[in-house]
Amino acid sequence: LITQQSQDELYRILEENKNLDTQGSADKKKTVVVSVCPQSRASLAAKYKIGIVEAAQRINGFFKRLGVDLVFDTSFSREFSLIESGKEFIRRYKARDTQKSAIPMLASACPGWICYAEKTHGSYILPYISTTKSPQQIMGSLVKDYLAKRHGKTPDQIYHVTVMPCYDKKLEASRQDFYNDVYRTRDVDCVISTGEVDKMLDVEGISLVDVEPCKEPCDSLFSPQSNELYGHPGGGSGGYLEHVYKYAAQELFGTHIGHLSYKTLRNQDFKEVTLEVDGKEELKFALAYGFRNIQNIVQKIKRGKCQYHFVEIMACPSGCLNGGGQLRPDDGESSKELLQRVDELYNSLETRTPFQSNDIHQLYEDWLGGSDTEKAQHMLHTQYHEVEKMTSALNLKW
Ligand code: SF4
């Protein structure tokens, strides 16, 4: 796993491509695609003290100078993940009286949490976890299915790398569920952490601020306009709670929610938000980050005492901006100060709701044949498995 999921593997593929070029066998080259997540971009921007768009242009430039063909932003695939989470929640909420494990729905984008749940709480907790794939894995489906077909390639002719804020994303990419048996390839071939990108800059002997920037922050996967950077409201871990809450309030109760008023519970990483309709609590959502808060939620579910309808669970305290693969502070700056700067940079982009994007609606039609098709289920959802023992970075951490 360590060799397969590292920058060394990316260098090896790029070297093979160069050799094929010199041998006159360019047609045998793999198309190399890198998908960068917004949390990693914010961490690099903070270290090099540049704005988020400039960081994206220079990261794009860095990968292109190494020989990468296309650089994407995973905010695009996150739109699918948010939309599918909202729809899944509505289905579960409506089934809550007849289906015991429908509610609370537990967010699924954090592989640190998923590994822990599969290993420690197995069959009891797994049915509560949302089946929606994470942005990384939806990007995997988009690249290896949609993009491959558009470029007239098979999935194994594309080498897909993601840049992520934690090492647990490597485990996620390695799951059997995301392996294509026919073409013997993964949806995400290699995951490199933010810190590993920084090491690559060291190896190349260049600082990010000296890299020739690309004109565009990223390439467009769909329409020419889809290479603009944007964010989603709701915090540095993807905004799952905020999106699902607003969507459910509108769909189920016709209530438009502008701003969410959280109540902080035991600590900053444990908050809740409630929607009352005619004096009755209709929606009660929580955000639980870090091991202690997660344990608290899991124990409540096991005892049948969890009053939440949805919980955004993330393994890292403070969420993904503070992931284990992010860059550490330089001398003279505390972790807290750095995290604050990363957070500000992350939130400096204009935000939009997933439904604002015409590209997503078009892709549901062009790629998936509609929003509730078998293909949409296959490309955008997954499943979980009870496991005896798992070799996880999390074992060390937890
Ligand atoms: Fe990775 Fe931490 Fe985010 Fe989970 S919370 S996806 S472990 S960075």
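This is a predicted model: local features need pLDDT of at least 70, side-chain atom pairs count only at pLDDT 80 or more; totals for chains, interfaces and linings use all residues.
1. A quick definition to start: a residue counts as near a molecule if one of its heavy atoms lies within 4 Å of it. With that in hand, look at what surrounds the ligand: Cys110, Pro111, Pro165, Cys166, Asp168, Met314, Ala315, Cys316, Cys320 and Gly323. This shell splits into eight nonpolar residues, one polar and one charged.

2. Residues are numbered from 1 along each chain as its sequence is written, and side-chain values use heavy atoms, with hydrogens and water left out.

3. Where does the ligand sit? It sits in the largest cavity, meaning that more than half of its atoms lie within 2 Å of the cavity's grid points. A cavity here is a set of points, on a 1 Å grid over the protein atoms alone, where a 1.4 Å probe fits but cannot get out; lining residues have an atom within 4 Å of a point.

4. The structure holds six cavities of 30 Å³ or more, and the largest has a volume of about 300 Å³. Volume is the space filled by probe spheres set on the points, which are joined across faces, edges and corners. Of the 26 residues lining the largest cavity, Gln39, Ala109, Pro165, Lys169 and Cys320 lie nearest its centre. Helices H2 (38-47), H5 (111-125), H6 (135-150) and H7 (168-173) each give two or more residues to this lining. Helices (H or I, at least four residues) and strands (E, at least two) are DSSP runs, numbered from the N terminus.

5. Now the open sheet: four strands, in the order S2-S1-S4-S7, with parallel pairing. Its edge strands, S2 (70-73) and S7 (190-193), each pair on one side only. Two strands pair if DSSP finds at least two bridges between them. S1 (residues 31-36) and S4 (residues 158-164) pair over six bridges, and Val34 has Val161 in S4 as its bridge partner.

6. Finally, have a look at the hairpins. S8 (residues 263-264) pairs with S9 (residues 270-277) in the antiparallel sense over two bridges, and five residues join them. S9 also pairs with S10 (residues 280-289), antiparallel over eight bridges. In the hairpin of S9 and S10, Asp278 takes a positive phi near 50°.

Technical notes: On a 1 Å grid over the protein atoms alone, a cavity is a set of points where a 1.4 Å probe fits but cannot get out, and a pocket is an open set with protein on both sides within 12 Å along at least five of seven lines; lining residues have an atom within 4 Å of a point. Ala, Val, Leu, Ile, Met, Phe, Trp, Tyr, Cys and Pro count as nonpolar, Asp, Glu, Lys and Arg as charged, and the others, Gly among them, as polar.
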